[in-house]
Every structure is written in structure tokens, then in C-alpha cells.
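Have a look at it first, then we'll go through the salt bridges and a sheet.

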Amino acid sequence: MSNNRVTGKLLTAAAVAALAAGALTACGSSSTGSSSGESKEASSMYTWITNENDRAQWQAFVDAAKKKDPAFNLTLEGPSFNDYWTKVKTRLSSSGAPCIITTQAARAQELKDLTVPLDDMVKSNNMDVSMYNKAMIDGLTVDGSLRGIPYDAEPVVLYYNKDLLAAAGVQEPTTNYTTSKFAADLKALTKDGVMGLAVPPGFGSGPGLPMAFANGNEPVKDGKLDLTNQGLVKDQQFAFDLVAKEKLGNAPQASDGTDVPEQQFMSGKAAMIIDGPWMYDTLTTKTQGKVGIAVIPSTSGESVGMIQGSAFAIGASCKDKEAAFKNIMKITTPEVIGAVGAARGTVPSVESAVKDWAGTKPAADVAVVQALLKSGRPLVTTPSWNQVETNFTQYSGEGFRGTKTAQELLSTIMNSAK
Amino acid sequence: MTALPTLAVKDGVKRPAASSGHGRLAVAYLAPGMLGFLIFIVLPLVASLVISMFDWPLFGTPKFVGLDNYIRMLTGDPVFWTVLGNTLFFAVCYTVFNLVAALGVAVWLHSLGSWGPFFRVLFFIPVVTPMVANALVWRLMLTDDGVINSFLATLGIHGPSWLSDSGLAMGSLIAMSVWQGIGYNIIVLGAGLNAISPNLLEAARIDGAGAWQRFFRVVLPMLSPSLFFCTVMTIIGSFKVFTQPYLLTLGGPGDSTNTIVLYLYRNGFSFDKLGYASALAWALFVIVMLITALQFSQQKRLVNYDN
């Protein structure tokens with residue numbers, strides 16, 4: 001036998017072995033074959049898992065659903081929240097993508113090509129969507145069709161450090177809070193190395209947009225970006241000025257996540273912070289000093305809540321949509337949502353479950369959230385919202401340092417995100 | 001067993017004669033590499049060229065737009081010119097600082113004798129440390145209340161906002177990048193210094209050349225091939241800068257640290273503009289090709305090869 005033939009046979013054998021290994025691997029990752037008869041993807045969820053806290057929250061949904069259906073399970077995968085909105089698009093375009101994804105009312109427009117309308121499945125499964133928070137259902141409705149079943153409805157609130165307020169002689173704000181009183185309070189609180197307000201660089205995470213919302217000014221009108229409406233510009237400039245002119249907070253860096261201002265607040269270096277109720281447990285238990293919540297300040301004191309809830313949706317590439325929807329139904333019952341609200345602090349999207357979330361929380365705090373839920377409107381956005389958020393985060397440093405005005409920044413962002 | 005192929009003799013050296021059997025074997029050996037090159041280099045290159053002529057959201061129907069993406073890039077997108085300017089500024093500053101510092105350190109290490117390798121390893125550590133880890137550590141050091149400003153405070157100096165001040169942010173990125181990348185050039189230039197014959201330097205000394213004359217008249221010309229290699233590689237690398245602005249500044253404040261690759265990444269994967277991102281990628285490719293070609297065209301004039 002020649003050397004060439006030996007080599008040729010070896011190469012052939014190696015190629016066959018590689019193909020066989022590939023085939024076996026492919027079979028191993030086959031999308032079918034789950035014991036329950038549904039595809040593996042139908043019981044898989046792509047979501048944000050920034051830390052163990054997130055993982056525990058998703059696990060709380062599974063655990064609560066298991067009480068009714070012990071065979072229920074949901075496998076999880078996903079990146080951190082900040083990376084999620086970029087990576088979900090590429091993950092869903094790859095093979096074997098999970099069927100269930102998490103979305104938000106604020107991202108429903110942006111992810112509309114990734115998600116399927118749920119109306120027919122809602123109808124055929126006799127699901128009562130009227131029990132869910134109306135603002136969330138409105139926010140999740142794209143071009144007339146529902147794109148997700150909400151599990152929470154979280155109006156952004158103002159957290160304050162009670163001890164620091166008491167030390168500065170500032171009265172605790174409640175369900176009525178004017179911007180003039182807010183600015184005066186921040187001035188009184190900014191002393192001895194403590195800043196009045198902790199500020200993140202993002203748009204939705206505030207403080208400008210939630211305050212604009214509180215005044216009834218929204219960033220989208222008739223489905224189009226409306227960042228330069230004078231109400232929104234004025235409110236954003238007010239937020240910039242609190243930092244740039246009044247020096248009542250530290251100007252954020254573009255690369256700061258929301259964790260940086262949260263750390264400032266929790267360590268007692270900032271007296272107030274605007275954040276979501278999803279941070280309630282963390283901020284009330286880990287902060288130096290007692291923490292209370294109030295509505296977002298507005299010119300009149302009456303505040304429109306900016307509802308930032310999330311939902312479960314089905315990816316457009318899902319081959320077993322019906323099974324995926326049935327799994328979503330299991331984790332969005334009032335019982336499950338209430339149990340998760342009680343265990344993890346997410347404000348339920350179902351009104352009847354809000355009492356589970358309220359639990360032993362102070363009545364004043366519950367009243368604030370309920371008032372904002374009542375007045376709340378969803379943060380409806382456009383398909384280019386990720387660009388708005390990204391650019392705002394990048395540019396906001398100039399606004400908070402006073403080198404650019406809100407008008408200039410918002411105009412630039414709106415032009416680039418058209 | 002068949003006989004071995006006839007050996008051809010040329011220049012007194014025996015070489016295996018070409019045969020169809022050997023040819024097939026060569027193809028078989030080369031095939032995996034070539035296949036990888038075709039699939040992972042050539043195909044994406046061609047695909048990106050095609051995609052650059054489409055308005056292509058990741059999800060949704062691609063629409064052929066011809067050269068519109070290129071026209072928009074050159075005439076309708078002010079951010080492109082800003083990021084191009086930033087990238088050029090970064091490339092020039094980074095390359096100059098890196099090469100000058102690497103040359104100085106390499107010469108210093110060469111003079112240390114047996115301690116040289118120890119310090120060479122120290123300077124090389126940042127090169128093999130993951131860029132992400134380095135960037136995060138630098139971010140912590142450069143924050144307003146980070147280590148650097150805390151140290152300055154002990155001297156009674158109020159430190160600036162290194163990453164939030166548009167006048168300082170790019171400089172901070174360059175400093176961090178030089179720290180990260182200098183070790184590689186130190187190794188290459190060190191090897192070049194080791195290759196210079198001591199006889200040449202000794203001859204120059206006997207001829208009365210001083211230290212600076214020996215450096216500029218003997219060491220630098222003999223080191224020019226290594227310097228040329230370092231310059232080409234450093235410039236190419238500097239045009240691809242991404243991790244530092246992505247992790248330290250997100251391109252901000254404003255667009256002061258936004259670079260072509262960061263802008264390209266965002267357009268492609270955050271803003272769903274795959275076609276425009278591909279056009280940006282081709283613009284970067286053409287710029288790097290032109291600069292590299294220019295460097296090679298000057299190679300004979302600037303580089304002194306021993307032979």
C-alpha cells in the first residue's frame with residue numbers, strides 16, 4: 001500500500017469521524033424530543049440575567065407556576081439587561097432560539113419584527129387580558145396587535161433617604177410633590193459631602209424623562225419621535241440644570257450603569273434617586289438609613305406615572321407558538337404574578353394581585369405606587385428607541401455639565417434616530 | 001511498498017520531485033486552512049460588500065439602495081467625519097507615543113543586562129491580560145473619585161473628570177491604550193536590538209562616535225526593519241480601537257471618543273442598520289489599506305536592510 005493511499009484513507013476516516021461527530025452534536029441539540037411532547041424551545045426563555053437577583057426573579061415565576069403544574073419548567077438564558085436589547089436580535093435570528101422572550105412596553109415597537117401578534121392565541125385560549133394593567137396593554141399593542149403578556153406594571157418613583165431628610169429638616173414628600181419644592185429640598189440636602197440627587201446618564205432611567213412624563217410630556221407623538229416638544233425640552237433642561245447649574249448632583253459618566261447612582265444612594269452619598277419600584281427591596285434594605293418613596297415631582301404636584309413594565313412575548317422564529325403561549329399563560333396568572341410580586345417586589349400587572357405585592361410595605365409607599373398606577377401612562381416608544389437611549393447616554397454628560405442645552409442634545413438625537 | 005519519489009537536485013540541494021500524488025497531498029493539507037480562509041474571511045468580506053448596498057435591518061426585508069449608504073456616509077452624516085477624525089487622532093497619537101516609549105524602554109532594557117528579561121516580562125503582562133479587564137480597572141482608576149484623583153487630592157490638587165471632560169477623555173483612552181500595548185513593541189524592538197552586531201557599535205566607538213551618534217547613525221538604521229514592522233502593525237491596530245471607548249466612555253462625552261469601529265458596531269448591532277454598518281466597515285478597510293500601501297511604498301527609502 002502506498003503512503004499516499006494510507007494518508008488518503010486516514011483523511012477520509014477523519015472526515016467521516018468529523019461528520020459523524022457533527023451529526024451527533026446536531027442530533028443532541030435537536031429542537032424536538034422533550035418528554036412533554038412540546039419542543040424544547042417552547043419552554044425556553046431568552047431574558048436579561050444581569051445577576052443572581054434576576055435569576056432568582058425568573059426562578060420565582062417557575063416556582064409559582066409549579067404549584068399548579070408540577071411538571072412545568074422553563075429553561076433560561078440571556079445576557080445582562082444593558083446588553084439584552086442588542087443581543088436579543090441576533091439570538092432570535094440564530095437556530096434553536098428560545099420561543100419565549102421578555103420585552104417591555106417601552107421596547108414593544110422596537111422589537112415588533114421579532115415578536116408575533118398574540119391576539120388569536122389570546123382568543124382561542126380564552127385569556128382575559130382586561131385583568132392586566134391597561135397602560136401596559138396599551139404599551140404592548142403595536143399596530144393594533146398585542147405583542148406581550150405583562151407581568152408587571154412599574155411606575156417610576158422617587159426614593160428618598162429618610163434619615164438624611166430629617167437631618168436637613170426636609171419634610172418627606174408623598175403623593176403630591178412640586179418641582180419647585182423638589183429643587184428647594186435638594187438644595188437643603190446637598191451639604192457635607194452628600195448630594196441631593198443621584199443621577200444616571202440614561203434617558204428612560206431619568207431624571208429628565210420621568211419628570212417630563214409627570215408633567216404630561218411624552219417623547220413620542222402619533223408613533224413618531226417628538227423629543228423636541230417644548231414641554232419635554234424644558235423638563236429635560238430642568239434636570240440638566242439641577243446638576244450643571246445648581247450642583248445638586250454629580251454629573252454622570254456615559255459608561256455609568258444605573259448601578260453607579262444606586263450605589264451613591266445606598267451608601268448615603270446621595271439623598272434622593274429616581275428609579276423603578278423593581279429596586280424597592282434592594283434600596284429599602286441595603287441603604288444606610290430608612291428609605292421612603294414619593295411620586296415624581298411635577299410643576300403642579302400632581303404626577304402622571306411613567307409605567308415601565310415588562311412582559312413575556314413569543315419570538316417570530318418560534319416553531320411551536322401555541323405551546324409557548326400556553327407556557328406564558330402559566331406564568332402570568334394573577335396567582336403567579338402576585339406570588340412573584342410578594343417574593344421579589346415586582347409590582348403586579350394585575351390589579352387584584354397588587355395586595356400581594358403590598359404585603360407588609362408601609363401604607364404611604366403603597367399609596368404612592370397605587371396613585372401612580374392610577375394616573376400612569378405607558379412609555380410608548382418607536383422602533384429606533386435603542387438609538388435614542390444609546391445616544392442620550394453618550395451625550396447626556398454634556399447636558400449635565402452644561403456644555404450643551406437640552407434643545408441641542410435632543411435635536412441631535414432626534415435627527416440621528418429618525 | 002513503492003519507491004520514494006525521485007529527488008531533484010538543484011543548487012546542490014536535494015528536493016522532492018513534484019508529482020500528482022504530492023500535489024494532492026499538499027491540497028489535502030492546505031484544504032482545511034483554505035476552507036477556513038474562504039468561509040471566515042473571503043465570504044464575509046464579499047457578503048459585507050453586498051450588504052453595504054442594501055438598507056438592511058436585521059429583521060425585515062432588505063432593500064437595494066446602491067451606493068446610497070456610501071453617499072450618506074460621505075455627505076449626510078456629520079458623525080462619520082467626527083468619528084473618522086477621532087480615529088485618525090487616536091491612531092497618530094497612539095502610534096507616536098507607543099513607538100517612542102517602546103523604543104526608549106527597549107533601549108533601556110537592553111542596557112540592563114541580566115535584569116532586562118525580568119522587566120521585559122513586567123512590561124509584557126498588560127499585553128496578555130484581557131483588554132476588558134484592563135479597561136475596567138482603568139475605568140475605576142479614572143472615575144472622578146478614583147485612585148488617580150484621590151492621589152492628586154493628597155497633593156492638594158483637585159483632579160479633573162478624566163472620562164467626562166471632552167478635552168481629556170480621548171487623552172485618557174490613549175494613555176490607557178499605550179500602557180496596554182507598549183509591551184508588544186518592546187519585545188519586537190528588543191529582539192531587533194539584540195540582532196545588532198556589537199562589532200558595529202564597537203567600530204563606531206573606535207571611530208569616535210558618541211552615544212547619540214551611535215544611536216542615530218548605527219542603532220536606528222539597523223533597527224529600522226523592526227521599527228517598520230511595529231509601525232505598520234501599530235497603525236493597523238489603532239484604527240480598529242473599540243474596547244477602550246466602548247468600556248470607558250461609550251464614545252462620550254458627546255462624540256469626543258467615538259471611533260469608527262464603535263460607530264460601526266452600534267449601527268450594525270444596536271441600531272439595526274446592517275447596510276450602513278457594512279459601508280462603514282468598507283470605508284475603514286479602504287483607509288487602512290491605503291495607509292498600509294503608503295507605508296510599504298516608502299519601505300525602501302526608510303528601511304535599511306542588512307543585505
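Which residue forms a salt bridge with Lys330(A)? That would be Asp69(A), with the closest N and O atoms 2.9 Å apart. Keep in mind that this is a predicted model, where local features need pLDDT of at least 70 and side-chain atom pairs count only at pLDDT 80 or more, while totals for chains, interfaces and linings use all residues. Residues are numbered from 1 along each chain as its sequence is written, chains are lettered from A and ligands numbered from 1 in the order in which they are written, and side-chain values use heavy atoms, leaving out hydrogens and water.

**Salt bridges**

- (Helices, H or I with at least four residues, and strands, E with at least two, are DSSP runs numbered from the N terminus.)
- Lys330(A) is partly exposed at 32% relative accessible area, and Asp69(A) is partly exposed at 22%. (Buried means under 20%, exposed over 50% and partly exposed in between, using a 1.4 Å probe and protein chains only.)
- Glu110(A) and Arg107(A) form a salt bridge at 3.0 Å between the closest N and O atoms, and both residues are buried.
- Lys187(A) in helix H7 (residues 179-189) is linked to Glu246(A), in the loop between helix H9 (230-244) and helix H10 (259-266), 59 residues apart; the closest N and O atoms of this salt bridge are 3.7 Å apart.
- Lys89(A), Arg107(A) and Glu110(A) are joined into one network by salt bridges that share partners.

**The sheet**

- Four strands of chain A make an open sheet in the order E8-E11-E7-E12, with mixed pairing. (Two strands pair if DSSP finds at least two bridges between them.)
- Strands E8 (195-198) and E12 (291-294) stand at the edges with a single partner strand each, so one side of each has no neighbour in the sheet.
- Strand E7 (residues 157-161) and strand E11 (residues 270-275) of chain A pair in the antiparallel sense over four bridges, and Tyr160(A) has Met272(A) as its bridge partner in E11(A).

Definitions and conventions: A salt bridge is a side-chain nitrogen of Lys or Arg within 4 Å of a carboxyl oxygen of Asp or Glu.
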